[in-house]
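Subject: Structure handover

Dear colleague,

Please find the structure below.

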Amino acid sequence: MADALKDFYNSAVVGGIAERVSAAHPAFPADHFRKQVMAALPPLSLMQRARAIADGLHHHLPPDYPDALQILLNSLGPDDNKGGIDGMGGFRHLPFLNFVGAYGLEHPGLSLNALRRMTKYFSAEFDIRYYVERHYDQTMQAVRSWTNDPHWAVRRLCSEGLRPRLPWGLRLKRFIADPSPVLDIIETLRADPHESVRRSVANTLNDIAKDNPDAVIATVRRWQAEDRDGTADSVRHGLRTLVKKGDRRALDLLGFDHRAPVTALDFAIAKQRYRVGDMLAFSLSLRHDGKKPARLSVDYAIHWRNARGGLQAKVFKLAKPQLRPGETVTLEKTHALKPITTRRYYAGEHRVEILVNGQSLADGTFKLQV
């Protein structure tokens, strides 16, 4: 699967980029560009391939950055804010954004305007981060103005581009140390009319919670007190890491009864041996031993074997049961052990752990063959 994803950048896509750039700039050496880029791609990952294409564009476009940038802007494709491409096809635009991130830092005003336009075609969340680092004041001024942009993708960039720990992106250490500028930005976006913007706010809040949980708890308490429409989803998704860790403040804010006495019964993994591609299956019962109804957050962690021979946990949501005093609920779950781009499987013993309100109540092991 990882190979399939990176192979999006194949001869057809690189050739299509060359054709579009040539249409905007007939002097562009399309054949030479295509051959040079395709020779460099085989050992590279998805993101590395996008950057290699950006480097190839830089090598073959005019050396004057403003001229080169205008050619790329002219070659984006149909003026429908997606270049006539849907879904995964939008990755075709990522090398253009990488070009701005890598080669436009000496022209921050021009480049930030370009990122604002390009993000309508494919998110500029990876490349705006270089401008946060190099041109902080100017970039934050632009981002603050974009929070009122009529296009949802620009508003989403204001949140997603400032995530302190964006996967695959440059880590923004200044916001890990002090998240207050980011919290100020997402304050204006928390009830945005577009779902993608609100989901980005939740992801940003969750990022901040990993390093600054107190700031996130204080923010969520205020949001809930103000009871603004449209913030419930942002709060729930933004607190997910704290909930999985059993943070009692987060559990209280979401209405889970972390003090409820619960007993796990009959936890069982269906088989002791699995292969990659199988469906891991397990079941258990939970009994509520308290004297009043309780709402529980039930998760399961799979402790994956890693390259060094140790175990590394990944937590997944299982259920949110509401139990009466003395009530028992039976839960069953299957988890696909299929190849995915974000995980490499290693043979050996793995562990499944049941977490109720962040507390470990049961566990068991299975062996994986690869």
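Which element gives the largest share of the lining of the largest pocket? Helix α13 does, with four residues.

This is a predicted model, in which local features need pLDDT of at least 70 and side-chain atom pairs count only at pLDDT 80 or more, while totals for chains, interfaces and linings use all residues. Residues are numbered from 1 along each chain as its sequence is written, and side-chain values use heavy atoms, leaving out hydrogens and water.

By class, 10 are charged (Asp, Glu, Lys or Arg).

The second largest pocket has about 360 Å³ of space. Its lining has 13 residues, with Trp304, Gln312, Lys314, Thr342 and Arg343 closest to the centre. Here β6 gives the largest share, four residues.

Strands β5 (residues 298–305) and β6 (residues 311–319) pair in the antiparallel sense over eight bridges; strands are DSSP runs of E, at least two residues, numbered from the N terminus, and helices are runs of H or I, at least four. Pairing requires at least two bridges found by DSSP. Arg305 has Leu311 of β6 as its bridge partner. Five residues lie between the strands of this hairpin, where Gly309 takes a positive phi near 95°.

Regards

Note on methods:
On a 1 Å grid over the protein atoms alone, a cavity is a set of points where a 1.4 Å probe fits but cannot get out, and a pocket is an open set with protein on both sides within 12 Å along at least five of seven lines; lining residues have an atom within 4 Å of a point. Grid points are joined across faces, edges and corners, and a volume is the space filled by probe spheres set on the points.
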